[in-house]
Amino acid sequence: MSLLEIKNLHAKVGEKEIIKDFSLTINAGEVHAIMGPNGSGKSTLSNIIAGHPAYTVTSGSIIFKGKDVLSMTPDERANSGIFLLFQYPTEIPGVSTAVFLKTALNAKYQFLKKEPLDAVGFMKRLNTRAKALNVSAEMLKRPVNVGFSGGEKKKMEVFQMAFLEPDFCILDEMDSGLDIDALRLLSAGVNVLREPNRSFLLITHYQRLLEYIEPDFIHIMVDGKIVESGDKSLALKLEEKGYECYK
Ligand SMILES: Nc1ncnc2c1ncn2[C@@H]1O[C@H](COP(=O)(O)OP(=O)(O)OP(=O)(O)O)[C@@H](O)[C@H]1O
Ligand SMILES: [Mg+2]
């Protein structure tokens, strides 16, 4: 069964149409990658799936686990298992990462009518995931993303994702700003999360990320829609030829 199904989506910001007849089906366990020129609408699409209020969907549908995503609040989407790793992670002054994650996890458990984790269970989960991704205790105490370097912010986003265990992960340029070791470490962190019930949408400009996190499908997005889909060899073709032939 498909986990996420986007059908004939059109969306605009103000009067400007950005997403133009975008369709994509992602089944459970699949990893899809979207590549495309700057300004083609990749982050806009991610924001729309997550529920960013700046965008107006004018037609089309997004169905996640059989439910209509567009009628859900951003909170409901997150609690249902949609996670967006931001291209530009936001800072949340005054809230430590540990408190932020505890609040997010409790909200999710409440939504799913599950018993909340007790303090010991929470700390265990936090520390195990932090260790795997090389996140220090000091980073966990600091306010979310405040003063973090670009690469540290990406690391914290991947850590949040590993901690919250979402079913559908959108990674918007996880690789931008990462040094080579961090790219390897975070890619391994993502690969550990690959499971038959979890799917990923990777957005990237570079073939290198796709060597570390091998996608099942690659889609090329130009001017608000998918213009070609294929396997990972498509990324090599792009590396060589660029987007000229799609313009
Ligand atoms: N809130 C907004 N207000 C005005 N224009 C917007 C807004 N959000 C997106 N756009 C415009 O929509 C287009 C698509 O932007 P988007 O960020 O989705 O591109 P992208 O494919 O993610 O590009 P990049 O590869 O550079 O990250 C751009 O022309 C951008 O300026
Ligand atoms: Mg973008």
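1. The expected span of a helix is 1.5 Å times one less than its number of residues, where helices (H or I, at least four residues) and strands (E, at least two) are DSSP runs numbered from the N terminus. This is a predicted model, in which local features need pLDDT of at least 70 and side-chain atom pairs count only at pLDDT 80 or more, whereas totals for chains, interfaces and linings use all residues. Residues are numbered from 1 along each chain as its sequence is written, while chains are lettered from A and ligands numbered from 1 in the order in which they are written.

2. The 15 residues of α6 (residues 150–164) should reach 21 Å at 1.5 Å a residue, and because the end C-alpha atoms of α6 are 21 Å apart, the two values agree. Helix α4 (residues 119–132), with 14 residues, extends 20 Å from its first C-alpha to its last, close to the expected 20 Å.

3. A residue is called buried if 20 or more other C-beta atoms, placed from the backbone, lie within 10 Å of its own, exposed if 12 or fewer do, and partly exposed in between. In α6, 11 of the 15 residues are buried, so this helix is largely enclosed by the rest of the structure; among them are Lys153, Met156, Phe159 and Phe163. The cover over these buried residues includes β6, α3 (97–111), α4, α5 (137–141), β9 and α7 (180–193).

4. Two strands pair if DSSP finds at least two bridges between them, and the open sheet of 6 strands has the order β6-β9-β10-β3-β11-β12, with mixed pairing. Strands β6 and β12 (225–230) are at the edges with a single partner strand each, so one side of each has no neighbour in the sheet. Neighbouring strands are turned by 20 degrees against each other on average, direction ignored.

5. Strand β9 (residues 168–172) pairs in the parallel sense with β6 over 4 bridges and, also in the parallel sense, with β10 (residues 199–203) over 5 bridges. Ile170 of β9 stands opposite Leu84, and its bridge partner in β10 is Leu201. In a regular strand the side chains alternate between the two faces of the sheet. In β6 (residues 82–85), Ile82 and Leu84 point one way and Phe83 and Leu85 the other, and all are buried.

6. Angles here run from 0 to 180 degrees between the N-to-C directions of axes, which are lines fitted to C-alpha atoms, for helices over the stretch in contact; two residues are in contact if their C-beta atoms, placed from the backbone, lie within 7 Å. Helix α6 lies across β6 and β9, running at about 165 degrees to β6.

7. Ala50 lies in helix α1 and counts as partly exposed because it has 17 C-beta neighbours inside 10 Å. Leaving aside residues up to four places away in sequence, Ala50 touches Pro74, Arg77, Ile82 and Leu84.

8. A residue is near a molecule if its C-beta atom, placed from the backbone, lies within 6 Å of it. The residues around ligand 1 include Val13, Gly41, Lys42, Ser43, Thr44 and Gln87, and helix α1 (residues 42–50) gives the most to this shell, with 3 residues.
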